[in-house]
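The sequence and the model are shown first.

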Amino acid sequence: MAVLIGAATGSAPTSNGCEPQANGPPVAGIPADYLALYRQAASNYGIPWEILAAIGSIESDHGRSKAPGVQSGENHVGAGGPMQFLASTWASFGVDGNHDGKKNRYDPADAIPATANYLRHNGAPPKMRTALFAYNHSNAYVDDVLSRARNYKMTPATSSTPTEATPPTECTEAAAITVPNATIAKIIAFAMAQRGKPYVLGAAGPDAWDCSSLVQAAYKAAGLAIPRTTFTQWPFGVRIPNSQTQPGDLVFFNSGPGTSSNHPGHVGLVIAPGMMIAARCSNCHPAIGVETYRRPDWIGTTRPLLKITSASSR
């Protein structure tokens, strides 16, 4: 039996971290892949996508410029990447936007959310001019960004404009969230309802969670008990090959202080092939949300339901 989350909970399936604003109408002059990244960063950081697009246009023509420092190296002032970050600024505000374990200022998947992160740090969106001036100390630059942003917001799609980049397969699959049974549906529905709440280390809800308390509470919502911490959850469930993950499984990562390849410090709940919901960190946007679990630090998968079922049948 397969259960659709919406049917199991009596509501329509909720949107996840793959969907919001990464898809939308094309905009003339902006490559589809860059537009999707602008919109996703806007959704995560609350900075208007057209502001990010305007900066990308000025700095690198959305990555198409062949000027020094865009694809590699640095320009005459030491800036690099499609959003033109100085190395010192990148060190403080760089973002691993695609969760590949690296912060690369030449990768638009990292550079674009880093721009949103830096603008937000400097007061945007309420103090947008101040934040833009911090990005480039020129009133003419600020005026140019705002002008281009207005034009982008008002520019209609054209028939010749490329369509949006196709979302990753795992994002498409996660949108439906079809699960094997009603028990797993309850687990995932609870976890999905916590999206947008703060991450606080040691918190156990209902207003804030850490990674392991979120998972424990999700299982509790289905009437099942699992250990509280990541360190005790790791040996609790039945180990499953990473190639056989399914919704309801727990995925573990060599992430955080005091962790190792056999002592993981971070856990997420699988909701669909390639996707998990997790309480990530206090500075993440969102702190609790959907993301891929196919990361370099993914070290293992467990299926607690097998342990619970086995114990109850004795």
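How many helices and strands are there in the protein chain? The protein chain has 12 helices and 10 strands, where helices (H or I, at least four residues) and strands (E, at least two) are DSSP runs numbered from the N terminus. The model is predicted: local features need pLDDT of at least 70, side-chain atom pairs count only at pLDDT 80 or more, and totals for chains, interfaces and linings use all residues. Residues are numbered from 1 along each chain as its sequence is written, and side-chain values use heavy atoms, with hydrogens and water left out.

Of the 314 residues of the protein chain, 50% count as buried. Buried means under 20% relative accessible area, exposed means over 50%, and partly exposed lies in between (1.4 Å probe, protein chains only). Among contacts in the protein chain with a separation of 6 or more, 59% come from residues 24 or more positions apart; a contact means heavy atoms within 4.5 Å.

**The sheet**

Strands of a sheet pair through backbone hydrogen bonds, either parallel or antiparallel. Here an open sheet of six strands runs in the order β5-β10-β6-β7-β8-β9, with antiparallel pairing; two strands pair if DSSP finds at least two bridges between them. The edges are β5 (238-240) and β9, each with a single partner strand, so one side of each has no neighbour in the sheet. Direction ignored, neighbouring strands of this sheet are turned by 40° against each other on average. For such angles, axes are lines fitted to C-alpha atoms, for helices over the stretch in contact, and angles run from 0 to 180 degrees between N-to-C directions.

Within the sheet, β6 (residues 250-253) and β10 (residues 298-303) pair in the antiparallel sense over four bridges. In this pair, Phe-253 stands opposite Trp-298 in β10. Strand β8 (residues 275-279) pairs with β9 in the antiparallel sense over five bridges, and Met-275 stands opposite Thr-292 in β9.

Helix α10 lies across β6, β7, β8 and β9 and runs at about 45° to β7.

**Helix pairs**

Two packed helices are described by the angle between their axes and the distance between the axes.

| Helix pair | Angle | Axis distance |
|---|---|---|
| α9 (residues 182-192) and α10 (residues 211-221) | about 135° | 7 Å |
| α6 (residues 128-135) and α7 (residues 139-154) | about 120° | 9 Å |

Angles under 35 degrees count as roughly parallel, over 145 as roughly antiparallel, 65 to 115 as roughly perpendicular and the rest as oblique. Helices α9 and α10 are therefore oblique to each other, and their crossing is right-handed. A crossing is left-handed if the near helix is turned anticlockwise from the far one by less than a right angle, and right-handed if clockwise. Ile-187, Phe-190 and Ala-191 of α9 meet Leu-214, Ala-217, Ala-218, Tyr-219 and Ala-221 of α10. By class, this contact of α9 with α10 has eight nonpolar, no polar and no charged residues. Ala, Val, Leu, Ile, Met, Phe, Trp, Tyr, Cys and Pro count as nonpolar, Asp, Glu, Lys and Arg as charged, and the others, Gly among them, as polar.

Helices α6 and α7 are likewise oblique to each other, and the crossing of α6 and α7 is right-handed. Residues in the contact include Leu-132 and Phe-133 of α6 and Val-142 and Leu-146 of α7. The contact of α6 with α7 divides into eight nonpolar, one polar and two charged residues.

**Two residues**

His-62 is in the loop between α3 (49-60) and β2 (79-80). His-62 counts as buried because its relative accessibility is 1%. Gly-29 is 33 residues from His-62 in sequence and 9.1 Å from it in space, C-alpha to C-alpha. Not counting residues up to four places away in sequence, His-62 touches residues including Gly-29, Tyr-34, Ala-53 and Tyr-152.

Ile-58 sits in helix α3 and is partly exposed, with a relative accessible area of 24%. Its C-alpha atom is separated by 7.6 Å from that of Val-145, 87 residues apart along the chain. With residues up to four places away in sequence not counted, Ile-58 touches Tyr-141, Asp-144, Val-145 and Arg-148.
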